[in-house]
Amino acid sequence: THKEDLSHLFWTCEKTTDFWTKLKFWLISCKAEDYDQSIAMVLGLRPIKQNLKNINFWLLNARYYVYYTNN
């Protein structure tokens with residue numbers, strides 16, 4: 001029902017928003033306290049602090065999941 005663009009696909013879609021919320025709580029439960037759920041971090045547009053480098057792996061997998069489940 002919405003115009004499909006990258007912002008909608010990866011950030012504002014209801015399904016995607018729910019997914020990012022669940023991922024955020026999972027990351028926090030894994031002791032990634034410094035993780036902030038900004039669009040820049042989620043899409044890999046902002047450098048990640050040294051102690052959170054492994055989150056890049058999870059965010060890359062998350063973007064892959066979002067892309068392929070919404071297409």
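Predicted model: local features only at pLDDT ≥ 70, side-chain atom pairs only at ≥ 80, totals over all residues.

Student: OK, Lys22 first: buried or exposed?

Tutor: Lys22 is exposed, because its relative accessible area is 55%. The cut-offs are under 20% relative accessible area for buried and over 50% for exposed, with partly exposed in between (1.4 Å probe, protein chains only).

Student: Fine. Which side chain does Lys22 meet in a salt bridge?

Tutor: That's Asp18, at 3.2 Å from N to O. A salt bridge here is a side-chain nitrogen of Lys or Arg within 4 Å of a carboxyl oxygen of Asp or Glu. Side chains of opposite charge can pair when their charged atoms come close.

Student: Where do Asp18 and Lys22 lie?

Tutor: Both are in helix α2, four residues apart, about one turn of the helix. Asp18 is partly exposed, since its relative accessible area is 39%.

Student: And how many salt bridges are there by that rule?

Tutor: The count comes to one.

Student: Let's stay on α2. Which of its residues are buried?

Tutor: Thr16, Trp20, Leu23 and Leu27. They sit on the same side of α2, because they cover an arc of only 65° around the axis. That arc is taken from the directions from the helix axis to the C-beta atoms.

Student: What does the face turned away from them carry?

Tutor: Exposed residues: Glu14, Lys15, Lys22 and Phe25.

Student: What does Phe19 touch, away from its sequence neighbours?

Tutor: Leaving aside neighbours within four places in sequence, Phe19 is in contact with Ala62, Tyr65 and Val66. Contact means heavy atoms within 4.5 Å. Phe19 and Val66 are 47 residues apart in sequence, but 8.2 Å apart in space, C-alpha to C-alpha. Phe19 is in α2 and counts as partly exposed because its relative accessibility is 21%.

Student: New topic: where is Asn70, and what does Asn70 touch?

Tutor: Asn70 is in the segment after α4 (53–69). Not counting residues up to four places away in sequence, Asn70 touches Leu9, Lys15 and Thr16. At 25% relative accessibility, Asn70 is partly exposed.

Student: Now zoom out. How many helices and strands are in the chain?

Tutor: Four helices and zero strands. Helices (H or I, at least four residues) and strands (E, at least two) are DSSP runs, numbered from the N terminus.

Student: And what share of the chain is buried?

Tutor: Buried residues make up 27% of the 71 residues.

Student: Last one: which residues make the nonpolar surface patch?

Tutor: Trp26, Phe57 and Trp58, over about 330 Å². Patches are made of residues with over 30% relative accessible area and no salt bridge: like charges are joined within 9 Å, nonpolar side chains (Val, Leu, Ile, Met, Phe, Trp, Tyr) within 5 Å. Accessible areas come from the Shrake-Rupley method with a 1.4 Å probe, and for residues only the protein chains shown count as cover.

Notes: Residues numbered from 1 in each chain as written. Heavy atoms only, no water.
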